[in-house]
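Visitor: I would like to learn how to read a contact and a helix pair in a model like this one. Please start with a single side chain.

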Amino acid sequence: MSDLVVRLRWVLIVGFLGVTGFFGLQLPNAELDTDMKSQLPPDLPTRVNLDRIESLFGGTDMVMLVVSADDVLATSTLERLSQLSKKMSRIDEFDRTVSLFTAKDIRAEDDEMLVEQAIERIPKTDRRREALRERLRTNGLVYGNLVSENFRHTVIIGFLKLEASDEVVMHKLGALVEELPGDEEVLIGGMPVTRVSLTKDMRADMRKFLPIGLLLMLVFLFACFRQLRGVLLPFVMTVMAIVVGMGLVPLLGWKIHTVTVLLPVILLAVANDYGIHVLARYQEDNTPGATHTAPGLAKRGFDELWRPILATGVTTMAGLLCLLSHVIIPAAQLGILAAAGVAFAVVGSLTFIPAVLSAMRVPKPVWTEGAAGQTATSRFDRGLFSLARWVPRRPKAIVLGAVVVSTVVGLGGLRLVVDTNPMSFYRRDEPVWQSTHLLNEHLGGWAGVSVLATGDIKDPEVLQEIDALEQHLREHELVGMTTSLAGVVRKMNQVMHSDNVEFDVVPNSRELIAQYLLLYSMSGDPADFEKLVDLPYEHAQIMAKVTDSGTRGAQSVVDTALAYLEAHPDAPFELVGGFLHVMADMVDHIVRGQLLSIGFSVLVVGVLVGLLLRSLVGAVLAMFPLALALALLFGVMGLAGIELNLVTALLSSIMIGVGVDYTIHFLWRYRDERRAGLEPGAAVEKTLMTSGRGIVFNALSVLVGFAVLVVSAFFPVRFFGLLVAVSISACLFGALVVLPAIVLIFRPKFLEPTDVEPRNPDSSASTRSPS
């Protein structure tokens, strides 16, 4: 096979460049998508429920202008607010807008119902301003919902049409705020705003990640190999793998989601690993005084490494493909895209890189030859030699210490919190965070959960059931405001009975309810109810706004609603839905996806390692350091208060797929040295001094690749980078320290020679010692 690679070297070089160019041409067609609903399968119950609600009542997405001032009832503030409300209602992308100037106040006069504007005219005097303040306080549809209880904040809500573009809406609202300047602070909030911010920051991240990451990689490769080819070949292979992986996105008809931003970083960190091993072996074989030709060195490296590189590539791909167990669509897509990039890098490292090396002149060796053999010429190599001498002396203490530390730290995993909070992506001084905070603290909540009721909505028993559920939800500590047709009918009933609080109930007469609704339509606008009930009065929704932007809070409210429906099976409620229910469902699937991903990764990678090493014990040995690393990872997350969310949940499968490479390379080389006749201690030393060098370079390249994540605009992505450093460092320690100690203690049979006499390690010309 190596002969074929060398013979067809120019065909391989041109072919790889051509394939890379083809995928590169697809990159301009890539699109961004930050809609959380689209990240779930269309047949998932929560998404089906949301679609059902939106088909009956229109879009549930809300954009909110939050206006803050010392007193929002000040004349100048109300004048600006009136203009903002009027012009915002003219934006085509909105189905309906609600503000203090469109909200209604239901009153009675001479036994007739009057439906008036919450603010009929802007007060010009302090007396009229205070009168308006008292009037708003008694309007349950407005107070604490459209205006804060301290009258320092108010909101204009726009319900988006289903086909509305987030970017267009944000552009028009931004232009509107600039067109109507004032002393008041105006912030734009809501999930569409969050999606636009995510899109903008994702683009910024992608522009930052590649240049910074590639620069760090160049510096790292030069520090490792100190040769131009050692820098350029793994670097070029990495860039090619990134182009192929990202080019697949539009080619498959997919879009770039929040987690897809990690794809270039994953490939930047992982795709060069295989080329690093090829170059490390190339330098190891290029000894002083040797007469190898360039094709001979390339073929020798291929023959020595194609099995372990192919094995580690397959296990890495298997670990990444275990992300397919996630219901979250972008997570599953990330697994496929990353696996494809790794596959391209593996094949390229075994063909493209040897083909290029065979066409180049043999370089000057980076090792010098001493009397006792090759001599390490760097502080790094001397440190590696010291480690190789230290491990065989204390194997039992090493294993015991590793188990104890992993167990103690791993207990911190019991404190791990599962949550996906879009606001955790941002700093507290950013407008998107501030607007959401104001909505949650002062204006009833930032988004809602809905319950759909079905039946004769004018039936008193149906409305009373709706009212009972609304009151039950209102008692939840995280529910800021609730809205339903039952609440409006209660208000009508009370005002028609001289505002007697005893009549703040749903009346028992269907005719009276129908009369109230008719009276409202005569002096008000029937369209006021379009988000609460459909026109045939066959479906109604109860909306509860949640004051916590995390999915834990949303899940708590959803669970309360579901428990109520379960306890009242005869009630006219069909389903619980809404955007926050979709978000809460994502958390559940993140947890299940994480557990399934870990289970599948361990099983699949373990089976593959067992087959590659032809030993069940070998599979267990390879996975043991990873188990310790997993315990450390989740322990650190729990102790540091880092949430398990949509981004960090992807880490375990990636860690298992990447981390197992180190154990495979160690076991493979250790077995070769034992079969060559070295005693166990000497075999460990030799393995650490040879393959250990490539393993360390491999791990450091992953750390350097993921280090770029610390400049991300998203906090979870930054945490992901830090967690990679923890997990990969643990895997490296396990492969170079814990695993050698284990094989020295237990002497696994599959690693032992059968008919070779032991030999002195110094008899090998390739044995290195410190200078």
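Guide: The side chains of T482 and R474 make a polar contact of 2.7 Å. A polar contact is a pair of N or O atoms within 3.5 Å; within protein, one must be able to donate a hydrogen and the other to accept it, and residues adjacent in sequence count only if both atoms are side-chain atoms. The side chain of T482 also has a polar contact of 3.0 Å with that of E470. This is a predicted model: local features need pLDDT of at least 70, side-chain atom pairs count only at pLDDT 80 or more, and totals for chains, interfaces and linings use all residues. Residues are numbered from 1 along each chain as its sequence is written, and side-chain values use heavy atoms, with hydrogens and water left out.

Visitor: Is T482 buried or exposed?

Guide: Buried means under 20% relative accessible area, exposed over 50%, partly exposed in between (1.4 Å probe, protein chains only). T482 has 6% and is buried.

Visitor: How are two packed helices described?

Guide: By the angle between their axes and the distance between the axes. Axes are lines fitted to C-alpha atoms, for helices over the stretch in contact, and angles run from 0 to 180 degrees between N-to-C directions. Helices are DSSP runs (H or I, at least four residues), numbered from the N terminus. Here the axes of helix 14 (residues 379-390) and helix 24 (residues 680-707) come within 9 Å and cross at roughly 130°. The two helices are therefore oblique to each other; angles under 35 degrees count as roughly parallel, over 145 as roughly antiparallel, 65 to 115 as roughly perpendicular and the rest as oblique.
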